[in-house]
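Please read the points below with the sequence and the model open beside you. They take up the charged pairs and then the pockets.

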Amino acid sequence: MSDYLQGLDRSRMWWMLSIEPVIKQELPDLYPYMTAGLVGDGSDCFGYDDEISMDHDNDTRVKLWLPVGAFTHIAVDRIRAATAHLSEGSITTESVTEFYRRYTGLDWTPRTWKEWLAIPEKNLAAATNGDVFYDGGGRFSAIRQTLLDFYPEDVRLKLLEARILTMGQAGQYNYARCMDRGETIAAELAKARFMEAAISAVFLLNHKYTPFYKWAGRAMKQLPLLSQTAEDFETLANEHSVYAVESISQAVLNELRNQQLTDLSTDFLVPHSAAIRERISQDELREVNPWKQ
C-alpha cells in the first residue's frame with residue numbers, strides 16, 4: 001500500500017496546523033476577508049497526484065485570495081513576511097477577481113449564453129475543483145457556487161447537441177467505414193473525435209464539467225451516471241472496436257431518453273442531435289452552428 005499523501009490533503013493540513021494560526025495572530029485585520037484553499041491548475045487540485053507526480057511541481061501548495069478592495073501590494077507583502085518562516089511548501093496570494101478572470105475571461109460570473117459558451121469546459125472544471133479550506137469574506141465561494149451550479153439548461157443542451165452529432169458522425173458512421181477501407185490514420189482520428197465528444201457528453205449528462213483531457217478518463221469513472229462506460233472506453237482506447245463505439249453510444253442514448261432529451265426510436269445518434277436542438281428555448285442559441293461548439 002502506498003504511503004504517498006496527496007497534495008490536497010497536505011495543503012489542508014498545512015493550512016490548519018501552521019498557516020491559519022499565524023495569519024490569525026499576525027494579520028487579524030486581513031484574516032476575516034481572506035480565502036484559503038487549493039483550487040485551479042495541477043493534478044493535486046483534482047486529487048489525482050501520485051508517486052509519478054513527484055518528478056515535477058510536487059510542492060505542498062496553499063493559495064490565498066483577497067477581495068479586490070483588500071488586495072494590495074502592502075497586503076501581499078505583509079502576508080509574505082508573516083509566513084516567510086513556514087517552509088513546508090509554497091503560498092501564493094492573488095485577488096478573487098484575478099483568479100476567476102484567468103479561467104473565465106470575465107470579471108463577473110457568466111450572464112449570457114455567449115459568455116458561457118466562450119469558456120472552455122476544462123477551464124470551468126479547473127475553476128471549481130479542489131477545496132476551499134476557509135472563506136472569511138464569502139466572495140470566492142459565492143462565485144464558485146454559481147459556477148458549480150452548472151451551465152444554464154439551454155447551454156447544456158447546445159453542447160450536448162454538438163457532442164451527440166460528433167459521436168454519430170465520427171464514431172458510428174465514419175470510424176467503421178475508415179476501418180473497412182484500411183485507412184488506419186483516418187480511423188484513429190475518427191475514434192479520437194468520438195471518444196472526446198462521448199466523454200464530454202457523459203459529463204454534460206452528469207451536470208459536470210469535463211476536465212483537461214489528461215484527467216478526463218479518470219474523472220469519468222467517478223461520476224454517478226454512465227461511469228460503467230469506462231470499460232468500453234478502455235477497450236476502444238486499446239483496440240479497434242466497433243462494438244465499443246456502439247455500446248458507448250447506446251448507453252449515452254439511453255440516458256438522453258431518461259432525461260427526456262429525445263423521443264426518437266433510432267439507434268443512430270445524428271437525428272437525436274436535432275431532437276436535442278429543438279428543446280433549446282432561445283431562438284438565437286438554437287440556430288448556432290453545432291459544429292463550432
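1. Across the whole structure, 16 salt bridges are found, a salt bridge being a side-chain nitrogen of Lys or Arg within 4 Å of a carboxyl oxygen of Asp or Glu. The model is a predicted one, in which local features need pLDDT of at least 70 and side-chain atom pairs count only at pLDDT 80 or more, while totals for chains, interfaces and linings use all residues. Residues are numbered from 1 along each chain as its sequence is written, and side-chain values use heavy atoms, with hydrogens and water left out.

2. Arg12 and Asp9 form a salt bridge through their side chains, at 3.1 Å from N to O. The two residues lie three apart in helix H1 (residues 7-26), so about one helical turn separates them; helices here are DSSP runs (H or I, at least four residues), numbered from the N terminus. Arg12 is partly exposed at 24% relative accessible area, and Asp9 is likewise partly exposed, at 31%, where buried means under 20%, exposed over 50% and partly exposed in between (1.4 Å probe, protein chains only). A network of salt bridges links Asp9, Arg12 and Asp131.

3. In helix H9, Glu188 and Lys191 are three residues apart, which means about one helical turn between them, and their side chains meet in a salt bridge of 3.5 Å, N to O. Glu188 is partly exposed at 34% relative accessibility, whereas Lys191 is buried at 6%.

4. A salt bridge of 2.9 Å, N to O, joins the side chains of Asp283 and Arg286. Here the exposed residue is Asp283, with a relative accessible area of 51%, while Arg286 counts as buried at 16%.

5. The largest pocket holds about 690 Å³ of space. A pocket is an open set of points on a 1 Å grid over the protein atoms alone, where a 1.4 Å probe fits, with protein on both sides within 12 Å along at least five of seven lines, and lining residues have an atom within 4 Å of a point; the volume is the space filled by probe spheres set on the points. Of its 29 lining residues, Glu121, Arg163, Glu196, Ala197 and Ser200 are the closest to the centre. The lining divides into 18 nonpolar, six polar and five charged residues, with Ala, Val, Leu, Ile, Met, Phe, Trp, Tyr, Cys and Pro counted as nonpolar, Asp, Glu, Lys and Arg as charged, and the others, Gly among them, as polar.

6. The second largest pocket has a volume of about 380 Å³.
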